[in-house]
Amino acid sequence: MISFESADKWYGDYHALQNVTAQVARGEVLVVCGPSGSGKSTLIRTVNRLEEIQKGRILFDGQDVHARNLDLNRFRSRIGFVFQSFNLFPHLSATENIMLAPVSALKRSRGEARDRALQLLARVGLANKADAYPGQLSGGQQQRVAIARALAMDPPAMLFDEPTSALDPEMVGEVLQVMKSLARDGMTMMCVTHEMGFAREVADRVWFMDEGRIVETGDPESFFTSPQSDRAQKFLSDLRAH
């Protein structure tokens, strides 16, 4: 579903992604972890071209993400992206936030889009918040609306960029619960997260990044019980100490 082929990215002189070659299979749940500044968020943001690469190729469902003739808006409408900071429109209700893209990008009728929005709100446990505005919702509720909004475009894959890191600890669980249910339904998911419990329980594979490289990949059991690289061993022991 997602393929990185010798991808390189610089910010000026800073080499943010270094020769990344890896694949995410259809229906796979992948967790990307690593220390701050290791390139995790940059990597996930290259998949829908929020960040450009300077060398190599990235393919999404067979399509070259950086092709010159790519219709970027149409392409992005096929990839669900959930940000760290929700990015909901404050002047729109939960339902209206979810309806916006299907009506404007997919040209669905408002009635059809509203029915689907209510269905998705129920799915993320917020059926009773349909008319609430973002300012009336907790952080965890806002993030669940953001997930529902991404799902409204019926994307074949979902990208999560540290979806719980802006949340109070007691709200983290409610968002992870929704992500777990998506994983159970077979959604292709690429998640940058510090939630190692989620990675252990839900991921099919883990990529460990450091200094712009994928240093280690493996199934969660192997990665957490016997990491191969010194860098991953140190990262995990620091996490446990913390």
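This is a predicted model: local features need pLDDT of at least 70, side-chain atom pairs count only at pLDDT 80 or more; totals for chains, interfaces and linings use all residues.

**Exercise 1. The hairpin**

Find out in which sense strands β1 and β2 pair, and over how many bridges.

*Solution.* 
- Step 1: Locate the two strands. β1 covers residues 2-11, and β2 covers residues 14-24.
- Step 2: Check how they run. Their pairing is antiparallel, and seven bridges hold the count.
- Step 3: Ile2 has Val24 in β2 as its bridge partner.
- Step 4: Look at the turn. Two residues sit between β1 and β2, which together form a hairpin. In that turn, Gly12 has a positive phi of about 60°.

A handy thing to keep in mind while you look at strands: in a regular strand, side chains alternate between the two faces of the sheet.

**Exercise 2. Salt bridges and burial**

How many salt bridges does the structure hold? Then take the pair Glu52 and Arg49 and decide for each residue: buried, partly exposed or exposed?

*Solution.* 
- Step 1: Start with the total. There are 14 salt bridges in the structure.
- Step 2: Recall the idea behind them. Side chains of opposite charge can pair when their charged atoms come close.
- Step 3: Check the pair. Between the side chains of Glu52 and Arg49, the N to O distance is 3.3 Å, and they form a salt bridge.
- Step 4: Judge Arg49. Its relative accessibility is 18%, and buried means under 20%, so Arg49 counts as buried.
- Step 5: Judge Glu52. Its relative accessible area is 38%, so Glu52 is partly exposed.
- Step 6: Look for a network. Salt bridges also link Lys9, Arg45 and Glu51.

**Exercise 3. Ties across the sequence**

Which parts of the chain does the pair Asp61 and Arg78 tie together?

*Solution.* 
- Step 1: Take the Asp61 and Arg78 salt bridge, where the closest N and O atoms are 2.9 Å apart.
- Step 2: Asp61 is in the loop between β4 and β5, and Arg78 is in the loop between α2 and β6, so the pair ties together parts 17 residues apart in sequence.
- Step 3: Asp61 is partly exposed at 30%, and Arg78 is partly exposed at 30%.
- Step 4: Move on to Arg144 and Glu174, a salt bridge with its closest N and O atoms 3.0 Å apart.
- Step 5: Compare burial. Arg144 is buried at 10%, whereas Glu174 is partly exposed at 26%.

**Exercise 4. Around Phe223**

Is Phe223 buried or exposed, and what is it in contact with beyond its sequence neighbours?

*Solution.* 
- Step 1: Find Phe223 in helix α8, residues 220-225.
- Step 2: Read its relative accessible area, which is 2%, so Phe223 is buried.
- Step 3: Leave aside neighbours within four places in sequence. The contacts of Phe223 are then Cys33, Val206, Phe208, Glu216, Ala232 and Leu236.

**Exercise 5. Two helices**

What word describes how α3 and α4 lie to each other?

*Solution.* 
- Step 1: Find the helices, α3 at residues 94-104 and α4 at residues 110-123.
- Step 2: Take the geometry. They pack at an angle of about 130°, with axes 9 Å apart.
- Step 3: Name it. The two helices are therefore oblique to each other.
- Step 4: The crossing of α3 past α4 is right-handed.
- Step 5: List some contact residues. Among them are Ile98 and Met99 of α3, and Ala117 and Leu121 of α4.

How values were computed. Residues are numbered from 1 along each chain as its sequence is written. Side-chain values use heavy atoms; hydrogens and water are left out. Two strands pair if DSSP finds at least two bridges between them. Helices (H or I, at least four residues) and strands (E, at least two) are DSSP runs, numbered from the N terminus. A salt bridge is a side-chain nitrogen of Lys or Arg within 4 Å of a carboxyl oxygen of Asp or Glu. Buried means under 20% relative accessible area, exposed over 50%, partly exposed in between (1.4 Å probe, protein chains only). Contact means heavy atoms within 4.5 Å. Axes are lines fitted to C-alpha atoms, for helices over the stretch in contact, and angles run from 0 to 180 degrees between N-to-C directions. Angles under 35 degrees count as roughly parallel, over 145 as roughly antiparallel, 65 to 115 as roughly perpendicular and the rest as oblique. A crossing is left-handed if the near helix is turned anticlockwise from the far one by less than a right angle, and right-handed if clockwise.
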